Amino acid sequence: MNFHSPVTRTRASLAAFPALFLVFAVTTSALAQQRVSRHYPAGKNVRIELKNLSGTITVETWAKDEIRITATMEAPAVHFNPRQTDTGLVIDIVGDNRDRRDVGDVNFKIQVPSRSSVDLETRSGQISVSNIQGDLVRAHVWTSGDITLTGVNAARVFASNTTGNIFFDGEFASGGTYEFKSGQGTITLRLPASCGFRLVATAPAEKISMGPFSNGGLKTLGQGRRITGDVGDGRASVTVTNYQGNINFLRR
Amino acid sequence: MNCENYQNLVSDFIDGSLSPEDQNNVAGHLSVCGPCTDVRSDLGAIVAFCLEHRNEYEAVPNERALWLRISNVIEAESAEPARAIIPANAGWWFRLMNRSWQLSFPQLAAAATVIIIAVSMLTVVGLRRLNFTGGPEVVASGIALPVTGLSVKDRYRQQQQVIDYWNERVELNKARWNPQMRETFDKNMGVIDAAVNDSMRQLTQNPHDEVSEEILNAALNDKVELLKEFAAL
């Protein structure tokens, strides 16, 4: 016969508690979340507009001519009604939930063709966009949230938040417009050495670092709070503003 | 029959074309009804006059010539009082305002051309003056503040009124927000306020600092936009 002493049984019971708690927590969390995935046919130059309340937004490219939206919604789940338009897709979580006071975060993962344009906005949460080659990339966080744009080669790029870092790793197209603005956080632009642009950069004194893009053609104004001038051919227009944080230029 | 029916028969009664029975009925009614008797009298007089003057009116030999003469007389009489109203010792303004203007098409076109040229010149001069006085403010405003000759403090005061309005609306809604949202909002508003205060401090030290003025405008505008966004919650 196999006997267990009372001490051994107590130990076994105590060891089972964390495991049970973990299972319970995972189950509760899974039940509290709702995951929705939708596919839409799209041309190569599709435009996505998303207005989120709070949560992360991740946009990636893929080789298919279609859009896939995956929304993971925290409870209480929001109304989620993407609308197809002539030019693409509109997801307006703010408008669709205007009368609702308390809704959970929505985390979006969006997969689109690389030639797409994206216009993204959220009250709070991170925005991440990678490998977009379309006309427009706009990422706006009303309050707090980092913005990360990597492998972006669009004609117009606008990235702004109040609190949080902004990181851009991409190229400036000749004749393109690029604006980056933060209230507090670090703005980092990582560019190829051959990049040419006309710059207006504004930040608190001594907080603008041009790094390898520093040249004699750049002028410093307002006791070091602004740097203007051309880098390379100066064909792209670049405006960078940071109320309290740093602005850094890095070479890829 | 009532009076209306009898009056419809009066014309035939005068002509004597009614049946003997109707003739008697109408005659009987006329003997007792004053209004119908008056109608009979008026109509009888008209008929008698027409019979008496038959063939006295002939067609006008030249109607157009007659109408032109009438038209000339009317025009002459209507123009006469206007000239008569202006006293001989009236001032130039009175004469100008009471003058009747009759311009030919070329005169009208010339007058319109002169007015257009004058207005264009005034507009050009006005815009140049605006650009001259606006100068750096035009560049600095870029966002929302009014482009006038107001000082930075005056413009700040104006913008502050807009901020106060939206702030009130936000405060009304704030009680309904969850603590996390309230904390996020306050934290971010603090960041913008710090930028505003920093710019104001710089401008106090150097009132002509364009960079600080631009940052101040941008920060105030960001503040209004953030308040507007959260006022809807």
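What share of the contacts in chain A with a separation of 6 or more comes from residues 24 or more positions apart? I looked this up before anything else. The figure is 56%, where a contact means two residues whose C-beta atoms, placed from the backbone, lie within 7 Å.

**Ground rules.** I am working on a predicted model, in which local features need pLDDT of at least 70, side-chain atom pairs count only at pLDDT 80 or more, and totals for chains, interfaces and linings use all residues. Residues are numbered from 1 along each chain as its sequence is written, while chains are lettered from A and ligands numbered from 1 in the order in which they are written.

**Chain A, overview.** I counted two helices and 21 strands in chain A. Both kinds of element are DSSP runs numbered from the N terminus (helices are H or I with at least four residues, strands are E with at least two). Chain A has 252 residues, and 37% of them count as buried. I took buried as 20 or more other C-beta atoms within 10 Å of the residue's own, exposed as 12 or fewer, and partly exposed as in between, with C-beta atoms placed from the backbone.

**Chain A, the 10-strand sheet.** I traced an open sheet with mixed pairing, in the order 1-4-7-3-9-11-13-15-21-17. Strand 1 (33-41) and strand 17 (208-209) are its edges; each has a single partner strand, so one side of each lacks a neighbour in the sheet. Two strands pair here if DSSP finds at least two bridges between them.

I then went along part of this sheet, pair by pair:

- Strand 3 (57-62) and strand 7 (106-113) of chain A run parallel and share six bridges; Thr58(A) faces Lys109(A) across that pair.
- Strand 9 (127-130) of chain A is parallel to strand 11 (147-152), with four bridges, and Ser128(A) sits opposite Thr148(A).
- Strand 11 of chain A also runs parallel to strand 13 (166-170), joined by five bridges. Thr148(A) turns up again here, with Phe167(A) as its bridge partner in strand 13.
- Strand 13 and strand 15 of chain A pair in the parallel sense over four bridges, and Asp169(A) has Arg190(A) as its bridge partner.

Which residues of strand 15 of chain A lie on its covered face, and which on its uncovered one? In strand 15 (187-191), I found Ile187(A), Leu189(A) and Leu191(A) on the covered face, with Thr188(A) and Arg190(A) on the uncovered face.

**Chain A, the 11-strand sheet.** This open sheet has the order 5-6-2-8-10-12-14-20-16-19-18, again with mixed pairing. Its edge strands are strand 5 (83-84) and strand 18 (219-221) of chain A, each pairing on one side only. Strand 5 meets strand 6 (88-92) of chain A in the antiparallel sense over two bridges, and Gln84(A) stands opposite Leu89(A).

**Where chain B comes in.** Helix 9 (179-205) of chain B packs on this sheet and touches strand 8 (117-124), strand 12 (156-163) and strand 14 (177-184) of chain A. Its direction makes about 105° with that of strand 12 of chain A; I read angles from 0 to 180 degrees between N-to-C directions, with axes as lines fitted to C-alpha atoms, for helices over the stretch in contact.

I checked the length of helix 9 of chain B as well. Its 27 residues should span 39 Å at 1.5 Å a residue, and the end C-alpha atoms are 39 Å apart, which agrees. The expected span is 1.5 Å times one less than the number of residues.

Buried residues in helix 9 of chain B include Phe185(B), Met189(B), Ile192(B) and Val196(B). Their cover includes strand 8, strand 12 and strand 14 of chain A, together with helix 10 (210-231) of chain B.

**The A/B contact.** In the contact between the chains, 18 residues of chain B touch 18 residues of chain A. On the chain B side, helix 9 and helix 10 are the elements giving two or more residues, and helix 9 gives the most, with eight. By class, that side has 10 nonpolar, four polar and four charged residues. Nonpolar means Ala, Val, Leu, Ile, Met, Phe, Trp, Tyr, Cys and Pro; charged means Asp, Glu, Lys and Arg; the others, Gly among them, are polar.
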